[in-house]
Amino acid sequence: MASKKYVNPFQDVHEKAQAAIDHARRVREEEAERRKKNAEEEAARENVVPRRKLRIVRRDFPPLGICEWCNAQFKSTLQQLDKAEFEIRTLFDAHQCKREDAS
Ligand SMILES: [Zn+2]
């Protein structure tokens, strides 16, 4: 006598659907975890190297550059503009940003 285990077809469908839902949730959780990790790493990088930008506000003598992040000013006494800009950029690269609104 062949006995066949009775499987409720609806039960079977339900289990497969549940497995798919579980899988989708795991994928979503892994994705969320990955995004969170990336955001934290990005924030850590920005703490080490703040996003700052030098703006040359005056190109005739005496040239003047400012940091768009902290408004620090950089002046050069060099007459040659290309050298003056290089000096300003060097000063900019060396300076420590101090945001007035920083806590
Ligand atoms: Zn600065």
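**Starting points**

The model is a predicted one: local features need pLDDT of at least 70, side-chain atom pairs count only at pLDDT 80 or more, and totals for chains, interfaces and linings use all residues. Numbering starts from 1 along each chain as its sequence is written.

**Overall layout**

The protein chain holds two helices and three strands, and along the sequence these follow the pattern α-β-β-β-α. Helices (H or I, at least four residues) and strands (E, at least two) are DSSP runs, numbered from the N terminus. Of the 103 residues of the protein chain, 8% count as buried. Here, buried is taken as 20 or more other C-beta atoms within 10 Å of a residue's own, exposed as 12 or fewer, and partly exposed as in between, with C-beta atoms placed from the backbone. Among contacts between residues at least 6 apart in sequence, 28% join residues at least 24 apart; a contact means that two C-beta atoms, placed from the backbone, lie within 7 Å.

**The sheet**

In what order do the strands of the open sheet stand? The order is β1-β2-β3, with antiparallel pairing. Because β1 and β3 stand at the edges with a single partner strand each, one side of each is left without a neighbour in the sheet. Neighbouring strands are turned by 30 degrees against each other on average, direction ignored. Such angles run from 0 to 180 degrees between N-to-C directions, and axes are lines fitted to C-alpha atoms, for helices over the stretch in contact. Two strands are called paired if DSSP finds at least two bridges between them.

The two pairings compare as follows.

| Strand pair | Sense | Bridges |
|---|---|---|
| β1 (residues 54–58) and β2 | antiparallel | four bridges |
| β2 and β3 (residues 73–75) | antiparallel | three bridges |

L64 stands opposite K75 in β3. Strand β2 (residues 64–67) has a covered face with G65 and C67, and an uncovered one with L64 and I66.

Five residues lie between β1 and β2. The hairpin of β2 and β3 also has five residues between its strands, and there N71 takes a positive phi near 65 degrees.

Helix α2 (residues 81–94) lies across β1, β2 and β3, running at about 140 degrees to β1. Its buried residues are A84, I88 and F92. Seen down the axis of α2, the buried residues fall within an arc of 75 degrees, so they line one face of the helix; the arc is that of the directions from the helix axis to the C-beta atoms. What covers the buried residues of α2 includes β1, β2 and β3. The face turned away from the buried side carries the exposed residues D82, K83, T90, D93 and A94.

Not counting residues up to four places away in sequence, S76 touches P62, P63, A84, E87 and I88. The C-alpha atoms of S76 and P63 are separated by 6.1 Å, although the two are 13 residues apart along the chain.
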